[in-house]
Amino acid sequence: MNVLITLTTAGADTGPFNLYSNVDNYTTAFETNISKGILVAGYTSTIVPPGTTAIRVWSMGICANYVNITLTVPATTTTTTTAAASTTTTTTAAPSGTTTTTTTAASVPTTTTTTTPYVGPATTTTTTTSGGTTTTTSTSTSTTSTTTTSIFVSCEQWQNDTLAEATITYTPCGSGTPVSGYALATTSSVCAVYGSITVTVGGPLTLVGACSAPSTTTTTTTAAPSTTTTTTTAAPSTTTTTTTLVYYAFSLTSGGIDSATACADSSAAITLYGSNISFLSNATFYNDYTLLSPYDGSNLYYKNVANNEYVQISSIGSQTAGGSC
């Protein structure tokens, strides 16, 4: 409670004063050591206990006496104000300059979050939309055509070097028919169309090299003379071409404090991945073949057991040194 307390008269030897409330029968002072001059001039206390109807002003000096003052409650006026939308402006000084933020109370704040993903090897997508009606009339004579096709000549051999089977999905070279859920036994290998093999369970696999090109297929067709009229109404279509992600796997030692220590170790402990076929030309090494998780190399040295070369790899997977053992 806020109460204005005024002493109209006070003796010469009175003061300072303690203030008590009738709420606790004047037992504990809620304010102490208030001077006589302040009370005579009129003193407003902001900590009067709620429910107080009488205040005891007790002199604690040479003259120990008190007077009880009954509170007079003034008339109460209640005012209701409807405020229009307000605007608050906050300015914060920072080393780079001054930032000013303005918020309008009547508006709903909007927060926009922009996330920049890691960009791995480039992927190219081509979209083509077509439509319309085409009428074609053709007359042909007797023709014989021979076509020789060599399918899937770009072929890779992958090997399972792990201690357990790996379940893979791939397109066999020369077949063109995808195989799903194939169990590749330990230390076994398989030839797959370039970029078609994926590991669903187990792995990782090691890229051994290119497979032999499959045999070619020769087709000979003889057509009799004919006249053909074709009317085609094509709905809009969309063609999407996506460049396949290319990655390379390397079998490395566990890491040493210097190149000599790393080169002395001949046991492959980990498999890392890169976007360049050359071991010493990789800018960054990754934990997985999606090339999205850089390997924490802790600035240690690692040897590629396949070609007896070493690199130093930083905590963000970057190559900082390299050479031959």
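**Close-up views of a predicted model**

View 1. A search of the whole structure, a predicted model, turns up 1 cavity of 30 Å³ or more. How is such a space found? Rolling a probe the size of a water molecule over the atoms shows where empty space is left. The largest cavity has a volume of about 70 Å³. Its lining is made by Trp158, Ile197, Thr198, Val199, Pro204, Leu205, Tyr247, Tyr273 and Tyr289. By class, 8 of the lining residues are nonpolar and 1 is polar.

View 2. Across the whole structure, the search finds 12 aromatic pairs.

**View 3. The pair Tyr247 and Tyr289.** The ring centres of Tyr247 and Tyr289 are 5.0 Å apart. Their planes meet at 25°, so the pair is stacked; the cut-off for stacking is under 30 degrees. Where do the two residues lie? Tyr247 is in the loop between β18 (226–242) and β19 (248–252). Tyr289 is in the loop between β20 (270–274) and β21 (300–304). The pair therefore ties together parts that are 42 residues apart in sequence. Tyr247 has a relative accessible area of 15%, so Tyr247 is buried. Tyr289 has 28% relative accessibility, so Tyr289 counts as partly exposed.

**View 4. The pair Phe250 and Phe279.** The rings of Phe250 and Phe279 have their centres 5.3 Å apart. Their planes stand at 65°, so this pair is edge-to-face; that label needs planes over 60 degrees apart. The pair links distant parts of the chain, 29 residues apart. Phe250 sits in strand β19, and Phe279 sits in the loop between β20 and β21. Buried or exposed? Phe250 is buried, with a relative accessible area of 6%. Phe279 is buried too, at 2% relative accessibility.

**View 5. An open sheet of 3 strands.** The strands run in the order β14-β11-β16, with antiparallel pairing. Which strands stand at the edges? They are β14 (189–193) and β16 (205–210). Each has a single partner strand, so one side of each is left without a neighbour in the sheet. Neighbouring strands are turned by 35° against each other on average, direction ignored.

**View 6. Where β11 meets β14.** Strand β11 covers residues 155–160. It is joined to β14 by 5 bridges, and the two run antiparallel. Cys155 has Val193 in β14 as its bridge partner. Strands of a sheet pair through backbone hydrogen bonds.

Notes. Residues numbered from 1 in each chain as written. Predicted model: local features only at pLDDT ≥ 70, side-chain atom pairs only at ≥ 80, totals over all residues. Heavy atoms only, no water. Pairing = 2+ DSSP bridges. Helix = DSSP H or I, 4+ residues; strand = E, 2+ residues; numbered from the N terminus. Axes fitted to C-alpha atoms, helices over the stretch in contact; angles between N-to-C directions. 1 Å grid on protein atoms, 1.4 Å probe; cavity = no way out; pocket = protein on both sides within 12 Å on 5 of 7 lines; lining within 4 Å. Points joined across faces, edges and corners; volume = space filled by probe spheres on them. Nonpolar A, V, L, I, M, F, W, Y, C, P; charged D, E, K, R; others polar. Phe/Tyr/Trp six-rings, centres within 6.5 Å; stacked < 30°, edge-to-face > 60°. Buried < 20%, exposed > 50% of the residue type's maximum accessible area, 1.4 Å probe, protein only.
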